[in-house]
Amino acid sequence: MFHDDIRYLLTMDKLWKTRKPPVPLDLSQLHNAGEGSSNGVYALKDQRPWSIQECVHVFRESVGSLSQDYKSSGYLTWDKDDKPAMDFVTATANIRASIFSIEQKSKFDVKSMAGNIIPAIATTNAIIAGQIVLEG
C-alpha cells in the first residue's frame, strides 16, 4: 500500500509529466524509529500533524487493535469516536499524503472532516428528493 502500489504508479509515466511523482515509503527503514517526535511543536498530539514515524507507529497499533476487535466480534463498524478507527484513518491518510507530497492533517482535522460526511449525505439526499418532487 505504501511501497509496491506506489512503485506500480510510478510506471505510469504519463501521470507524472505535469505533477510531482510520489515517493514510495520503505517501512523497514522506519521500523526502529519508534514513535517519532513532535517536531518541536508544543501542542496536544491530536491537534498537530504526526511525524511519519508516529504515523507508522499509530498505524501498526491501530491495525492490531482493529484486528482484535474483528476477532472478538466478527465485524468492524466505523465510528469517528472510535479511537482505533480514527487512528487508522488518520495515520493511513497522512502516510499516503506524505508519499504524494500533500499537506498532512492532524487527528482533530480528520475527525472534523469525518463528522461532516453524514450531514453532507443527508443534505444531498434531501436536495435530490426535493428536486424529484418538483419534477413530478
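**Helical architecture and aromatic pairs of the predicted model**

The protein chain contains 5 helices and 0 strands, where helices (H or I, at least four residues) and strands (E, at least two) are DSSP runs numbered from the N terminus. The structure is a predicted model, in which local features need pLDDT of at least 70, side-chain atom pairs count only at pLDDT 80 or more, and totals for chains, interfaces and linings use all residues. Residues are numbered from 1 along each chain as its sequence is written, and side-chain values use heavy atoms, with hydrogens and water left out.

Of the 136 residues in the protein chain, 26% are buried (under 20% relative accessible area; exposed is over 50% and partly exposed in between, with a 1.4 Å probe and protein chains only).

Helix α3 comprises 22 residues, 52-73, and should span 32 Å at 1.5 Å a residue; its end C-alpha atoms are 31 Å apart, which agrees. The expected span is 1.5 Å times one less than the number of residues. Buried positions in α3 include I52, C55, F59, S62 and L66. After α3 comes G74, with a positive phi near 85 degrees.

The structure holds 3 aromatic pairs (rings of Phe, Tyr and Trp, the last by its six-membered ring, with centres within 6.5 Å; planes under 30 degrees apart are stacked, over 60 edge-to-face and the rest tilted). The pair of W16 and F100 is tilted, because the ring centres are 6.5 Å apart and the planes lie at 40 degrees. W16 lies in the loop between α1 (4-10) and α2 (27-30) and F100 in the loop between α4 (83-99) and α5 (107-135), so the pair ties together parts that are 84 residues apart in sequence. W16 is buried, at 16% relative accessible area, whereas F100 is partly exposed, at 24%. Ring pairs also join F2, F59 and F88 into a cluster.
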